[in-house]
Amino acid sequence: MHIEIDEIAKQFGSTTALHPVSLPIPSGALVALLGPSGSGKTTLLRILGGLEFPSSGRVLFDGKDATGLSVQERQAGFVFQSYALFRHMTVFENIAYGLRARPRRNRPPEAEIQRRVTKLLELIQLPQIAKRFPNQLSGGQRQRVALARALAIEPRMLLLDEPFGALDARVRKELRQGLRDIHDNTGLTTVFVTHDQDEAMELADLVVVMSMGKIEQVGRPQDIRARPATPFVREFIDA
Amino acid sequence: MSDAAFDHTDVVPGKWRPVAEESRTTRIVLIAIALGGLALLVLAPLAVVFAEALAKGAWAAVKSLGSRDARSAIQLTLLVAAISVPVNAVFGIAAAWVITKFDFKGKAFLITLIDLPFSVSPVVAGLALVLLFGTNSLIGGWLVASGFPIIFALPGIVLASIFVTFPFVARELIPVMIEQGRAEEEAALTLGASGWRVFRTVTLPNIKWALLYGVLLCNARAMGEFGAVAVVSGKIRGQTATMPITIEMLYNEYLSVAAFSMAAVLALLALITLALKTALEWRHADQLAATRRH
């Protein structure tokens with residue numbers, strides 16, 4: 001799905017989280033929103049997912065105005081920073097949640113839910129953990145379960161907030177490839193937020209460098225490396 | 001740090017205890033103080049109540065509880081608890097929800113307001129209800145004329161109990177809900193769940209233990225409330241006298257077996273709720289562990 005961010009701005013009381021920003025995200029792209037904390041990247045991601053509403057501006061999905069769509073109507077697979085797995089449910093129930101939450105007429109039968117969850121557990125290469133609770137999983141496993149839960153609803157796009165932030169370096173490298181593979185297999189338009197420039201450069205097709213609620217530069221990783229547009233970008237990617 | 005700091009050659013193995021642990025003597029003294037206090041202040045009074053109730057034999061105790069007034073008091077107390085506890089559970093959840101999930105002006109004021117029943121004397125609360133709904137007030141006069149009196153009747157007792165027990169549920173829930181944050185609820189919303197479904201399948205299971213504690217405390221207090229109820233009930237024997245009020249009246253009339261029998265029943269009700277809570281905790285120990293922070 002093609003996403004168009006059109007002059008989106010966001011105020012929280014008297015503080016400006018986002019100055020009007022515009023950004024086209026091509027269908028099927030893997031995009032990194034890169035910037036330090038307070039740069040507005042997470043706010044922008046939450047606006048795409050419908051968890052936050054912009055003070056002004058529009059969001060277009062495949063050319064149609066989606067600004068007023070509720071979070072449920074967005075059908076965005078969202079992976080939260082600390083994964084936000086439902087701690088009182090097993091891994092199976094976590095992944096099945098979105099399917100069970102559907103209105104009765106769209107809800108798949110129990111056998112179909114079983115089949116889909118099993119398939120997703122295979123996709124994240126954790127077929128044996130269905131009956132465990134989140135607090136019995138490692139950080140890397142939790143991240144993959146959160147990803148499977150987001151994919152279970154057959155989302156129109158995938159949004160990830162610092163998906164590797166809470167993991168140690170080795171697991172992080174491993175899971176980067178995992179996300180890349182899932183993206184390539186599903187073809188979903190994917191946007192992830194990170195403050196780690198290596199992660200953005202290695203993983204994304206398109207990197208959006210943000211600072212102080214503004215977009216500093218948009219480009220392919222190699223172009224941003226070769227030709228940083230502003231002193232901020234140069235300094236940030238050198239760090 | 002120099003290497004000398006790590007020179008352990010003169011350390012005698014086995015002589016060292018963890019830094020956060022007290023010495024053996026200190027531990028024994030502390031435990032003794034705790035147990036002694038518990039025995040003196042909690043167990044002894046409880047034992048005395050049961051002993052006094054059974055002073056003239058079990059039959060005398062049972063007979064005193066079988067009287068019309070005694071049965072009326074027990075029924076009234078259970079009825080008041082059965083109304084005020086669910087009402088306060090709903091109020092408490094709503095208040096905790098509003099306070100922890102949203103930011104708005106006047107939030108601090110609302111929190112103070114929730115605590116008000118803890119800081120105001122129950123007698124004052126009862127008097128306020130009398131002034132507001134008594135026969136001499138505008139609303140009260142009209143209500144009495146319409147055949148729906150509040151003061152010296154069941155509605156007044158229920159209102160007083162609700163007021164006094166209002167903070168329990170909210171106070172238990174607020175810290176738990178603050179600690180858990182909004183992330184799980186947001187996740188459920190992105191997965192397509194409606195607000196009500198999120199509450200039912202995510203919020204409620206996460207707060208259910210805190211809710212249970214709050215409800216149990218609220219219930220214990222609702223059944224045991226004396227001051228506020230004494231003012232609004234009018235202490236009409238067989239009609240508006242709850243268990244605590246009946247106990248006081250019987251005691252003042254030197255009917256000690258009857259007074260202590262009812263006191264024993266009241267204490268027993270509290271012990272049953274406590275046992276219920278422990279049994280639930282025991283049965284759901286694994287689930288309880290899972291809902292803690294991971």
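How far apart do the C-alpha centres of domain 1 of chain B and domain 2 of chain B lie? In this predicted model, the C-alpha centres of these two domains of chain B are 30 Å apart. The domain assignment of chain B places domain 1 at 17-53 and domain 2 at 57-291. Contact between them involves 5 residues of domain 1 of chain B and 8 residues of domain 2 of chain B. On the side of domain 1 of chain B that touches domain 2 of chain B, 4 residues are nonpolar, none is polar and 1 is charged.

Helix 1 (residues 24-53) of chain B packs with helix 12 (residues 256-283) of chain B at an angle of about 135°, and their axes are 7 Å apart. The two helices of chain B are therefore oblique to each other. Their crossing is left-handed. Among the residues making this contact are B:Leu46 and B:Phe50 of helix 1 of chain B, and B:Val257 and B:Phe260 of helix 12 of chain B. The table divides the contact by class.

| Class in the contact of helix 1 with helix 12 of chain B | Number |
|---|---|
| Nonpolar | 9 residues |
| Polar | 2 residues |
| Charged | 1 residue |

In chain A, 4 strands form an open sheet in the order 2-1-4-5, with antiparallel pairing. Strand 2 (15-25) and strand 5 (64-65) of chain A each have a single partner strand, so one side of each is left without a neighbour in the sheet. Strand 1 (residues 3-12) and strand 4 (residues 56-61) of chain A are joined by 5 bridges; A:Asp6 has A:Arg58 in strand 4 of chain A as its bridge partner. Helix 1 (residues 41-49) of chain A lies across strand 1, strand 2 and strand 4 of chain A, and runs at about 120° to strand 1 of chain A.

Definitions and conventions:
Residues numbered from 1 in each chain as written. Chains lettered and ligands numbered in written order. Predicted model: local features only at pLDDT ≥ 70, side-chain atom pairs only at ≥ 80, totals over all residues. Axes fitted to C-alpha atoms, helices over the stretch in contact; angles between N-to-C directions. Parallel < 35°, antiparallel > 145°, perpendicular 65-115°, else oblique. Left-handed = near helix turned anticlockwise from the far one by under 90°. Contact = placed C-beta atoms within 7 Å. Nonpolar A, V, L, I, M, F, W, Y, C, P; charged D, E, K, R; others polar. Domains from an automatic or database assignment. Pairing = 2+ DSSP bridges.
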